[in-house]
Amino acid sequence: MNLLLISEYFPPDQGGASTRISILFNELIKRHNVTVITCSPHYPKATKSDLSFFRPIKRIRLKGALIIRLWIPSVSITTPIGRMINYCWFTGSSIIGLPFVESKPDIAWSTSPNFFCGFTARIAKLYFRCKSLMNIDDVWPEAPIELGFLQKKSMIWLAKQAALRAYNRKLDGFTPISDTIVIFYRHRYCLQNFFTIPVGIEDQRIKQIVEISHQAKKGSGSRPKDSPIHIMYSGVLGPAYDFALLLKAVKLLSEKYYLRLTIRGNGPLKGYLENKIASLGLNNIVLETEYLSIEALNEKLNSADIFILPMKDNF
């Protein structure tokens, strides 16, 4: 079967959307002829690319599959406006990649950005006259409205009108990450044909983590008495996480325990965390934002004793 995957995010991009498409890609290429339309790497920070406004497209081969990369402007994603520019740009520019698809797809599967992928799925369906699927990772735009990210009445109205067109019953199916999302969208938008695909992790990555963990245990033995307890958060530096409370807790606990906190990742709260950590004046809190390869990241994660996920109450 010929499959076309359309995703703004694709490795080496980081984050949940890139991880999800990576897992789907690696499984699908085992049985099908896969083509991917995506952007030049840009999340959480744009990397040097040989693409430009005047040379906006490049085709490469990866594991036998055709990857069509499109140029995207280097816009800061730390603001809602920056993210919106990225989303709209990819939604529109994905049309440019369609003529470069070598084999007419039987199914066009659009996975990211969330919500906007409903439009790219419809575009591909019309262009190729094929079946189309839309991925659903989050409840959008209801979640941003509920959490106060969209406050102006005009923006809320516009988002709701766009949602009525994105979640279109003319699409052939939807791939949410949970059955709870199915219940919501079936009731809210009267959609059918759901195929739940839960969030997963690549088997190869688990093997690498386990192997590194075993090696670390063999080499380190018991914890040295003068070694701090290493607490780590690794992920998106975004508004869903209560970093203020985490930093306050570590500061208080450091008065009694020998601790070290590592916050690693990238996102819109990077600047806030840099300033907040500096104001606390603690040398046992480290912010790491550099990009790491999967191998280096696995080794970094295995250096922690405790992982923490400081989610806010309303998320």
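Hi everyone. Let me start with a term we'll need: two strands count as paired if DSSP finds at least two bridges between them. Keep in mind, too, that this is a predicted model.

With that in hand, let's look at the sheet. Four strands make up an open sheet, in the order S10-S9-S8-S11, and the pairing is parallel. Strand S10, residues 285–288, and strand S11, residues 306–307, are the edge strands; each has a single partner strand, so one side of each has no neighbour in the sheet.

Strand S9, residues 259–266, is joined to S10 by four bridges, and the two run parallel.

Helix H9, residues 270–280, lies across S9 and S10, and runs at about 160° to S10. Helix H10, residues 294–301, lies across S8, S9, S10 and S11, at about 140° to S8, which spans 229–236.

Next, the largest nonpolar core. Which of its 21 residues touch the most other members? They are Phe 115, Tyr 167, Phe 174, Tyr 185 and Leu 191. Two or more residues each come from helix H3 (117–128), strand S6 (131–136), helix H5 (153–166) and helix H6 (179–189). H6 gives the largest share, four residues.

Finally, have a look at Phe 115. Leaving aside residues up to four places away in sequence, Phe 115 touches Met 134, Trp 140, Pro 141, Ala 159, Ala 162, Ala 163, Ala 166 and Tyr 167.

Thanks, everyone!

Conventions:
Residues numbered from 1 in each chain as written. Predicted model: local features only at pLDDT ≥ 70, side-chain atom pairs only at ≥ 80, totals over all residues. Heavy atoms only, no water. Core = buried A, V, L, I, M, F, W, Y, C linked by side-chain atoms within 4.5 Å. Buried < 20%, exposed > 50% of the residue type's maximum accessible area, 1.4 Å probe, protein only. Contact = heavy atoms within 4.5 Å. Axes fitted to C-alpha atoms, helices over the stretch in contact; angles between N-to-C directions.
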